[in-house]
Amino acid sequence: MSKRRIKKVAIIGSGIMGSGIACHFANIGVDVLLLDIIPRELNEKEKAKGLTLEDKAVRNRLVNDALTASLKSKPSPIYHQSFANRITTGNLEDDISKVADVDWIMEVVVERLDIKKVVFEKLEKHRTPGTLITSNTSGIPIKFMSEGRSEDFQKHFCGTHFFNPARYLKLFEIIPGPKTDASVLDFLNEYGEKFLGKTSVIAKDTPAFIGNRIGIFSIQSLFHAVKDLDLTVEEVDKLSGPVIGRPKSATFRTVDVVGLDTLVHVANGIHENCPNDERLELFKLPDFINTMMENKWLGSKTGQGFYKLERKSDGSKDILTLDLNTLEYRANKRAKFATLELTKTIDKVVDRFKVLVKGKDKAGEFYRKSFAALFAYVSNRIPEITDELYKIDDAMKAGFGWEHGPFQIWDAIGVEKGIEMMKAEGLEPNAWVNDMLATGITSFYTVKEGATYSYDIPKKSQEKIPGQDSFIILDNIRKTNEVFKNSGVVIEDLGDGILNVEFQSKMNTIGGDVLAGLNKGIDLAEKDFAGLIVGNQAANFSVGANIGMIFMMAAEQEYDELNMAIKYFQDTMMRMRYSSIPTIAAPHGMALGGGCELSLHADKVVAAAETYMGLVEFGVGVIPGGGGSKEMALRASDTFRKGDVELNILQEYFLTIGMAKVSTSAYEAFDTGVLQKGKDIVVVNKDRQLAVAKQHAKLMADMGYTQPVKRTDVKVLGKQALGMFLVGTDAMQDSNYISAHDMKIANKLAYVMAGGDLSEPTLVSEQYLLDLEREAFLSLCTERKTLERIQHMLTKGKPLRN
């Protein structure tokens with residue numbers, strides 16, 4: 001990578017996309033200048049204040065309002081609200097000269113070529129030669145935008161297409177112009193992956209680039225198929241959602257969220273600008289889409305689209321569905337297919353595809369038709385939109401949230417089976433697919449020595465996909481590097497003396513087998529290795545302890561067994577802290593309850609930025625029983641400083657548990673005390689997480705890791721703190737802020753975190769607090785209300801307030 005550094009960027013255009021991109025640069029620590037046009041007239045508030053068009057508050061109103069709206073939006077575009085301080089706002093008349101001081105200028109204005117060209121002309125007058133300048137266009141040809149600009153401008157100009165929302169969607173398309181310097185593309189490719197946490201994909205300058213070209217084809221294909229197969233909106237969303245590794249919003253709900261007008265704009269662009277596309281007719285809008293556009297049924301933004309939220313007179317809500325035949329809204333109908341029932345026992349999505357395409361019902365026909373069309377289409381887009389097939393898969397996974405890209409799905413079904421399905425629909429793959437089979441290569445991908453190889457069409461051979469050396473891909477090494485396995489975990493040798501314990505339970509819940517696997521991992525590492533990581537690459541790190549097991553023991557009143565199970569959990573967490581090798585937790589996604597407690601007890605946490613951590617046990621009627629309550633008391637004690645009001649500090653940690661606080665990013669977890677500054681770190685690109693964790697484990701081992709001495713110096717405040725907590729919970733219950741059972745749980749937690757009813761502040765051991773924690777947890781498990789809450793969580797998937 002070149003020595004180019006990005007310390008400051010200018011984002012031109014503060015709409016939803018521009019503000020979102022500005023926030024994401026602020027997320028990674030970059031100084032941001034966000035500029036937009038000035039308003040042409042005063043609004044009523046400004047008139048009332050006596051302001052004029054020359055006042056700075058007026059001139060920056062559009063940019064400030066847009067950024068404020070973005071920062072208030074949900075989900076948040078920013079990791080931590082304080083990071084917004086890294087963004088400076090201004091306007092394109094007073095502040096455009098400031099772009100001379102930035103390292104990268106990005107244009108994110110309205111999708112009109114004439115306006116973009118005017119903006120670039122203005123920017124070039126102030127841009128310092130050598131500064132990167134890019135456009136976030138979603139489809140305007142890059143070659144047209146840089147026409148008439150200087151040689152240096154064109155050399156440093158290209159498209160950089162973020163997907164909305166910029167924080168959450170990983171695709172970062174880089175589209176070269178006719179004169180873009182190769183070093184600029186190389187820099188942006190690595191910067192996107194390493195700093196922005198994206199999947200960088202270099203695309204060709206073709207309409208809609210890669211992600212939208214394939215994604216819109218897929219949606220348009222379904223729009224046309226829905227009538228042919230006589231499927232309902234609910235049925236298509238059932239078939240095209242999580243069962244095939246796609247987002248819960250599936251097809252029609254996704255269109256409602258994105259906006260039908262946005263999809264129509266891109267589809268029309270492809271239809272108008274791709275006259276040689278063999279499936280051009282599919283990009284022509286069906287009649288029902290045209291009617292919806294005329295009626296302004298655009299989705300969430302207009303209150304109705306394929307779905308409509310209706311509020312009843314009693315205040316309740318009902319979701320209605322559009323009947324595509326009558327174009328009237330009706331009650332939601334449950335979708336059910338025999339083919340889908342066959343996949344219920346198949347946990348891995350990739351193993352379902354063969355079963356789905358063999359279905360004898362309408363679902364099977366849907367999958368055969370839709371996959372055949374998709375496979376034929378993507379094979380024909382090479383070399384038009386890209387020369388490498390893996391880039392198409394990368395784009396669909398990162399931009400549209402597909403778990404598997406088209407060529408990966410084709411491999412799962414079988415390349416020859418895919419061709420057979422195409423022929424049944426009157427379709428053919430591109431000639432290069434048959435050429436590949438003729439050479440004896442029967443799959444698009446293979447794995448060799450832990451690395452992924454993909455078929456290279458010009459070379460007619462499998463070639464290693466570049467850029468993997470920064471990653472550890474567990475799917476590629478699980479079989480070859482397995483050291484131990486039970487029903488709950490797989491322990492893999494990551495090399496250089498570092499082991500990884502990968503959870504394999506449903507939702508990565510922590511039960512007996514997972515705890516046994518953790519202990520086995522520590523045993524193995526202490527005997528023959530140098531360090532241990534607990535990490536996985538599933539959707540979530542761990543949603544917590546196996547509450548089904550707890551419920552069964554409590555319901556059967558097997559309290560001795562439950563006591564032993566909880567003590568085993570606590571002891572395992574303490575082994576994570578007090579072993580002779582460094583232990584690192586690598587949480588991502590949801591790290592709740594027991595998953596959070598495990599992280600609390602590791603020597604170090606290497607968290608993905610998108611980690612949602614918290615001790616949420618209150619929701620099921622108990623307190624954290626795997627060391628979490630003890631740990632919050634310990635961390636409060638470590639935060640006590642001379643002159644501070646210790647009760648206030650303890651109360652903050654108490655509320656972290658009592659309010660079941662869950663961070664909306666890893667950075668927020670520092671605020672709740674779940675992560676610790678100076679010890680734990682955050683990685684923006686989740687794909688790099690395990691490799692970074694391994695580096696830190698190895699560094700800690702190489703520096704001479706010594707097993708910590710068990711703590712006996714935890715300061716607890718006894719009756720002084722307990723009295724404060726009991727008065728507080730009593731007042732909250734009297735005011736109906738909490739239920740009687742909530743008060744009981746809170747009082748149990750108060751007893752643990754106060755260290756019991758000791759008469760004065762005292763130094764105690766961790767084990768003393770663990771015993772109090774376990775006793776409180778068990779006593780709550782005898783409560784009928786607790787069992788009701790656990791049962792409700794198991795059956796409904798959400799907490800019950802009682």
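The notes below go through a sheet and its helices, some ring contacts, a hairpin and a helix.

This is a predicted model, in which local features need pLDDT of at least 70 and side-chain atom pairs count only at pLDDT 80 or more, while totals for chains, interfaces and linings use all residues. Residues are numbered from 1 along each chain as its sequence is written, and side-chain values use heavy atoms, with hydrogens and water left out. Helices (H or I, at least four residues) and strands (E, at least two) are DSSP runs numbered from the N terminus.

**The sheet and its helices**

- Eight strands make up an open sheet with mixed pairing, in the order β3-β2-β1-β4-β5-β6-β7-β8, where two strands pair if DSSP finds at least two bridges between them.
- Because β3 (87-91) and β8 (199-202) stand at the edges with a single partner strand each, one side of each is left without a neighbour in the sheet.
- On average, neighbouring strands of this sheet are turned by 25° against each other, direction ignored; axes are lines fitted to C-alpha atoms, for helices over the stretch in contact, and angles run from 0 to 180 degrees between N-to-C directions.
- Strand β1 (residues 8-12) runs parallel to strand β4 (residues 104-107) and is joined to it by four bridges, and the bridge partner of Ile12 in β4 is Glu107.
- Helix α1 (residues 16-27) packs on this sheet and touches β1, β2 (31-36), β3, β4 and β6 (157-162), with its direction at about 170° to that of β2; contact means heavy atoms within 4.5 Å.
- Helix α4 (residues 61-72) lies across β2 and β3, and runs at about 145° to β3.

**Aromatic rings**

- A search of the whole structure finds 34 aromatic pairs, where rings of Phe, Tyr and Trp (its six-membered ring) pair if their centres lie within 6.5 Å, and planes under 30 degrees apart count as stacked, over 60 as edge-to-face and the rest as tilted.
- Trp104 and Tyr191 form an edge-to-face pair, at 5.8 Å centre to centre and with 75° between the planes.
- This pair links distant parts of the chain, since Trp104 is in strand β4 and Tyr191 is in helix α8 (residues 182-194), 87 residues apart.
- Both Trp104 and Tyr191 are buried, a word that here stands for under 20% relative accessible area, with exposed over 50% and partly exposed in between (1.4 Å probe, protein chains only).
- The rings of Phe252 and Phe306 have centres 4.5 Å apart and planes at 55°, so this pair is tilted.
- Phe252 counts as buried because its relative accessibility is 0%, and Phe306 counts as buried because its relative accessibility is 0%.

**Charges over rings**

- The charged end of Arg4 sits over the ring of Phe187, 5.8 Å from its centre, where the rule asks for NZ of Lys or CZ of Arg within 6 Å of the ring centre and within 35 degrees of the ring normal.
- The charged end of Arg86 sits over the ring of Phe83, 4.0 Å from the ring centre.

**A hairpin**

- Strands β10 (residues 317-323) and β11 (residues 328-331) pair in the antiparallel sense over four bridges, and the bridge partner of Asp323 in β11 is Glu328.
- This hairpin has four residues between the strands, and Leu327 takes a positive phi near 55°.

**Helix α29**

- The buried residues of α29 include Gln689, Leu690 and Lys694.
- Just after α29, Gly704 takes a positive phi of about 95°.
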